[in-house]
Amino acid sequence: MKKISCYFLIPILCFCNKEISAQNITDTTKPRIYKIAVFAPLYLDSVFTDNKLRSDRSIPKLVIPALEFVQGAQIAFDSLTLDNHKVEAFIYDTKSFTEPLSQLLQGNKLNNVNLIIGSVRDTDLRELADFSLSKNIPFISATFPNDGGITGNPFLVIMNSTLKGHCEGIYSYILQNHGTDKIYLFKKPGAQEDKIATLFKTLNEQEGKPLLNIQTITFDSSFSEFAFRKKLDSNRNSIIIGGSLNESFAKNLSNVCYASRESYPLTLIGMPNWDGFKFFKDDSYKDFPVYFTIPYYNPKTNSLSTMLEDEYNSRFKTIPGDLVYRGFESAWYFTKLLTRYPDDLMLHLNDKSLKIINDYNFRPVLLKDETLPDYFENKHLYVMRIMNGKVSREF
């Protein structure tokens with residue numbers, strides 16, 4: 001349980017079903033009203049009773065990510081200048097006891113909704129995606145890096161790139177920058193690792209034959225440091241792809257790379273979750289960079305980031321976390337997109353003039369049909385490196 005003052009959650013209760021009015025309206029013509037529904041697993045019925053925290057002014061840790069996302073969205077709605085438009089924004093708790101998501105979607109409360117934004121996953125993601133498809137409503141999945149097995153839904157937009165998207169990004173980076181190097185994909189036994197290896201193989205053989213010379217090697221307890229070094233060339237750089245999300249695997253592979261770095265030039269590229277592993281955040285691998293890809297990169301130097309940080313600190317007396325920025329950016333960007341392209345938003349997902357913090361490249365994903373998108377996914381990734389506990393942008 002994480003201690004947290006009640007003023008973090010009370011504003012969310014007050015904000016539910018709050019109307020956001022347009023600012024700076026100069027046209028006397030009656031403005032069009034846009035309705036936006038924001039969904040997140042807030043567990044308010046579990047945390048509160050009669051608008052009071054149930055116990056000891058504390059809330060479960062699992063609530064914090066959704067809460068921060070909604071707080072960021074709330075600041076975006078409060079700060080937007082909408083010109084001659086009017087927006088009504090509503091916050092919905094996907095874990096409500098009194099009105100479960102399935103019941104809400106079957107009712108009429110979401111009639112005439114123009115846009116859905118969700119920080120949701122698994123069953124909630126699928127229910128909202130099915131609803132969006134049935135109503136032809138754009139649904140922005142802002143935080144979950146997975147398609148949830150959804151296909152045939154051209155109204156679903158995935159902001160947080162999938163594992164397949166990351167493999168595509170890593171492959172593209174290697175192709176552009178390390179095409180003549182020796183390339184090894186190290187993996188452990190496992191279904192997910194087999195999937196990663198298959199993804200790279202498919203990417204590499206799009207023209208019918210391998211474009212890059214990628215050798216796949218199973219890295220487990222039987223694969224010694226000596227065997228690892230035998231694969232390397234002291235006169236040529238080797239690209240080592242860590243093809244697993246497993247933390248122990250990442251540490252073991254990093255250990256042998258680090259031990260070999262002085263005799264053999266090599267570059268280690270990990271999966272997108274590697275930056276969260278604690279052993280990369282100290283000096284365990286002094287002056288040894290490890291690379292990875294992310295869809296979100298915020299140096300926090302632009303005016304909106306500064307405004308958000310100041311406003312969040314003013315309201316909650318602390319600095320905003322990553323999910324605050326994601327909630328803010330998704331609400332701001334897609335609200336602006338909706339009011340600019342109210343009838344064909346899905347055709348203008350990549351309007352660069354509305355950039356807030358991150359660069360995006362939403363592309364249709366065609367899994368089963370060459371004409372109907374299964375969904376749209378952000379394919380823009382930043383190549384980052386972590387070294388001596390510090391993360392910086394590489395590419």
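Residues are numbered from 1 along each chain as its sequence is written. Since the model is predicted, local features need pLDDT of at least 70 and side-chain atom pairs count only at pLDDT 80 or more, while totals for chains, interfaces and linings use all residues; side-chain values use heavy atoms, with hydrogens and water left out.

**View 1. Threonine 162 sits in a loop between a strand and a helix.** On one side of the loop is strand 10 (156-158), and on the other is helix 6 (163-177); both kinds of element are DSSP runs numbered from the N terminus, helices being H or I with at least four residues and strands E with at least two. Threonine 162 is buried, at a relative accessible area of 6% (buried is under 20%, exposed over 50%, partly exposed in between, with a 1.4 Å probe and protein chains only). Leaving out residues up to four places away in sequence, threonine 162 touches Pro145, Asn146, Asp147 and Glu377, where contact means heavy atoms within 4.5 Å.

**View 2. Here is the largest cavity, with about 40 Å³ of space.** The structure holds two cavities of 30 Å³ or more. A cavity here is a set of points, on a 1 Å grid over the protein atoms alone, where a 1.4 Å probe fits but cannot get out, and lining residues have an atom within 4 Å of a point. The volume is the space filled by probe spheres set on the points, which are joined across faces, edges and corners. Look for Phe280, Asp282, Tyr285, Phe288, Ile386, Met387, Asn388 and Gly389 around the largest cavity. By class, that's five nonpolar, two polar and one charged (Ala, Val, Leu, Ile, Met, Phe, Trp, Tyr, Cys and Pro count as nonpolar, Asp, Glu, Lys and Arg as charged, and the others, Gly among them, as polar).

**View 3. The second largest cavity also has about 40 Å³ of space.** Its lining is made up of Ile170, Tyr173, Ile269, Tyr291, Phe292, Thr293 and Val383. Helix 6 and strand 15 (290-294) are the elements giving two or more residues to this lining, and strand 15 gives the most, with three. The residues sort into six nonpolar, one polar and no charged.

**View 4. Cysteine 167 and cysteine 257 are in no disulfide.** The structure holds zero disulfides, a disulfide being a pair of cysteine sulfur atoms within 2.5 Å. For cysteine 167, the nearest cysteine sulfur is that of cysteine 257, 18 Å away. Cysteine 167 is buried at 0% relative accessibility, and cysteine 257 is buried at 0% too.

Note on methods: On a 1 Å grid over the protein atoms alone, a cavity is a set of points where a 1.4 Å probe fits but cannot get out, and a pocket is an open set with protein on both sides within 12 Å along at least five of seven lines; lining residues have an atom within 4 Å of a point.
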